[in-house]
Amino acid sequence: MPKAETDDVQVFGIRHHGPGSARSVLAALKELKPDCILVEGPPEADSLVAFVEREDMKPPVALLIYSPDNPKQAVYYPFAQFSPEWQAIRYGVNNYIPVKFMDLPMTNSMALEEQRRKEIFELIEKTLKEEDDDDDENHNDESEADEIVKTSESFHPESKDKMPSISKDPLSWLARAANVSDGERWWEQMVEQRRDTKDLFAALNEAMSGLRESLKDEPADKHDADEPYREAHMRQTIRQARKDGYKNIAVICGAWHTPALSNMPPAAEDAKLLKGLPKTKVVATWIPWTHSRLSYESGYGAGIVSPGWYQHLWDHDEKIVEKWMSKVARFLRDKDLDASSAHIIETVRLAETLAAMRGHSAAGLSELNEATKAVLCFGDDTPLKLIYKELIIGDRLGEVPAETQGTPLAKDLEAQQKSLRMKAETGEKILDLDLRKDIDRGRSHLLHRLSLLGIKWGIIEKSKRKSGTFHEVWNLRWEPEFSIALIEASVWGRTVLEACEAKAKDQADKDPSLQDLTELLDQVLLADLTNSIRYVMEQVKSVSATASDISHLMHALMPLAQIARYGNVRKTDVETVSEVIASMVARICAGLPAYCSALNDDAAQLVFESIIQVNSAISLLNEQDQLNLWYECLQKLLLDANMHGLISGRAARLLLDAKVITTDEIKRYFGLALSLAQEPGRAASFAEGFLQGSGLVLIHDVALLEIVDSWVSGLGEEQFKQILPLMRRTFSSFTPPERRQIGERIKQGQVVARKQEKSLDINHERGSLVLPTVALLLGLSLEGE
């Protein structure tokens, strides 16, 4: 094994997450029996190490280091059960061996990051200023652009062959040298599947030393500007451990750092480098993590491709392939897909054959995936994608002790989750709530409160099965990032209720638009924020009383209508809302006709949608006085000869649907609107407004279809081309069956038949009764008289 300055330090280079690395480290520690263990990680978390032996600490978990002044400035250090660092820490704690983290303190790292950010902003401002001073010189300068490209390539030679930099991904370069497709597969074959770990760490140290030696004359890699500081602090921590009297020190770090820790420079150099680094205040805590957040796809820099597979490798020492395929088969059966015992046997045989052909000692994940696709998935990628998501990556969520929850708000949330029996889970879960039950109503309040705080644990879905007002269907999914959101929300209060009350009042005080206020009122009612409801309601009354824009009133009406209609189901007081609604409806009905005058096409489309929304809101409330006001307003829109056709057409349709005007009256209005005397564009707009969204009225009323058909048939060629886009848009809003039935009626001649039928429908018997009088008037005599 590689030695540091003396034989009292042994450095074990690992990959941050891997079952093979974890087993190798554990075996090496048991053989070494160190009196001190140093682990790559933030020293601010030293006081949290003791928690790892707790039964209620279940990985995956992560150390969260954040700035209390700016919680969004945060860093995560994830640990899985198969992480070498996790196993090293557990070994030390269980055997009463001091365990310390040795990376550069986050108090320095975050301060350095903030310092660089300020420098970048200053550079950008300076560049922009120079461009403003001499715009011509700084634009279209091809020679300067070429120079930048050349400089970039010299710093990143991998850009030509798409290889990452050595320091960023050394495994890819080792894989390339070994003629293996990628670094992940190389590491799995050489380390994770390895059973004999003798000389493993020495070999890794030698490989990394060779790679670092190749960078000796290269410019420093800008992707990790903290690396010199980090390795200097690691070395200083090792030296301090010696000073503290430890004689047998084990160092666990990323394999890339082993050469820098095995051959240390003079202490004075490191001390000089670390002197005067900036500092900032940070806080450390444990939080739950997930396997999905350990994957490359999550954006995690040290991520792995297959956390679920690695967990399987850690859990099982024997018959790994057979047990994996049994797990896959159970999963497929749960999805109602065929997976018999014969399928499993054949898949295992195929995977092992592929491994043998490729010269591997055992079948790996790539062989298993190929065999699974061929045998169990019948060549279809779709089931394999499900296996990848649910098994190869997985959605396991860790647990941490309650004492590690960093804020009172987080502790209050955990207590409510327990009392309401709502366990935080990473997988999607459908929760159907009956708001007539106390526990379900409490769950709904909690989810709405968290949503108000920006923590979207659940999203409301529309259920086709449950249409009652007392039902809510939620899609729940817990994300690790909610831990940061809880810390950010802590500025509002120490409990979920207190934080929501404070944030709601703050939003109301910011004097947003009437629509924003009504949406906020809806939120506080759904969240049952008793102290905030009256406060926000007063703001709504104040703003609505002075609102002069009809469009704002129209947009704000629906949220208020929903509050008034469904509030009592939640046992919330909504009497005040009705007063505001009555006032708003009266003002909308009084001002809408004037507001709709002289609208262009774009404005008319916006008003059209608002009218539909207002009609839905007033219909939802079903207050007769408000309905009468609204119908009078719609009749004014219909009878105004100068009204945009889209608006008058929709007014006619809403009045017909409400049975305020008869079918015969509609035919008269429709006939006038579509007469050839009307300008074709306005006539088409009227038809669009009347018909958009539903063609049933044309299917069930042949006379109305006849009017439309006659109007279209009577248009000239140029007029037809003019209105064609509008008519296409109108008919595209119909469902396919509606369009088909209308077309069939026209094709089968039902409209023409109706015309002929009307012209021949003569009652001769009744007509003969008037013949004597007509003859007398005309001075004629009837035959046979």
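Predicted model: local features only at pLDDT ≥ 70, side-chain atom pairs only at ≥ 80, totals over all residues.
Local features need pLDDT of at least 70, side-chain atom pairs count only at pLDDT 80 or more, and totals for chains, interfaces and linings use all residues. Residues are numbered from 1 along each chain as its sequence is written, and side-chain values use heavy atoms, without hydrogens and water.

Helices (H or I, at least four residues) and strands (E, at least two) are DSSP runs, numbered from the N terminus. Two strands count as paired if DSSP finds at least two bridges between them. An open sheet is formed by 4 strands in the order β1-β6-β2-β5. The pairing is parallel. Its edge strands are β1 (9-14) and β5 (99-101), each of which pairs on one side only. On average, neighbouring strands of this sheet are turned by 20° against each other, direction ignored. Axes here are lines fitted to C-alpha atoms, for helices over the stretch in contact, and angles run from 0 to 180 degrees between N-to-C directions.

Within the sheet, strand β2 (residues 36-39) pairs with strand β6 (residues 249-254) in the parallel sense. The two share 4 bridges. Leu 38 has Val 251 as its bridge partner in β6. Helix α1 (residues 19-32) lies across β1, β2 and β6. This helix runs at about 170° to β1. Contact means heavy atoms within 4.5 Å.

Strand β3 (residues 61-67) has antiparallel partners. Strand β4 (residues 70-79) is joined to β3 by 7 bridges, and the two run antiparallel. A hairpin connects β3 to β4 through 2 residues. Leu 64 has Tyr 76 as its bridge partner in β4. Strand β7 (residues 283-288) also runs antiparallel to β3, with 6 bridges between them. Here Leu 63 stands opposite Trp 286.

Strand β3 is mostly covered, with 7 of its 7 residues buried. Buried means under 20% relative accessible area, exposed over 50%, and partly exposed in between (1.4 Å probe, protein chains only). In a regular strand the side chains alternate between the two faces of the sheet. In β3, Val 61, Leu 63, Ile 65 and Ser 67 point one way. Ala 62, Leu 64 and Tyr 66 point the other way. Residues of both sets are buried.

The model holds 23 salt bridges. A salt bridge is a side-chain nitrogen of Lys or Arg within 4 Å of a carboxyl oxygen of Asp or Glu. One of them joins Asp 270 and Arg 235 (2.8 Å, N to O). Asp 270 lies in helix α11 (residues 267-274) and Arg 235 in helix α9 (residues 227-243), so the pair ties together parts that are 35 residues apart in sequence. Asp 270 is buried at 3% relative accessibility. Arg 235 is buried at 8%.

Arg 358 meets Glu 367 in a salt bridge (3.0 Å, N to O). Glu 367 is buried at 2% relative accessibility, whereas Arg 358 is partly exposed at 36%. Arg 358 also meets Glu 370 in a salt bridge (2.8 Å, N to O). Glu 370 lies in helix α15 (residues 365-375), and Arg 358 in the loop between α14 (341-357) and α15, 12 residues apart. Glu 370 is partly exposed at 35% relative accessibility. Salt bridges that share partners also join Arg 293, Arg 477, Glu 479 and Glu 481 into one network.
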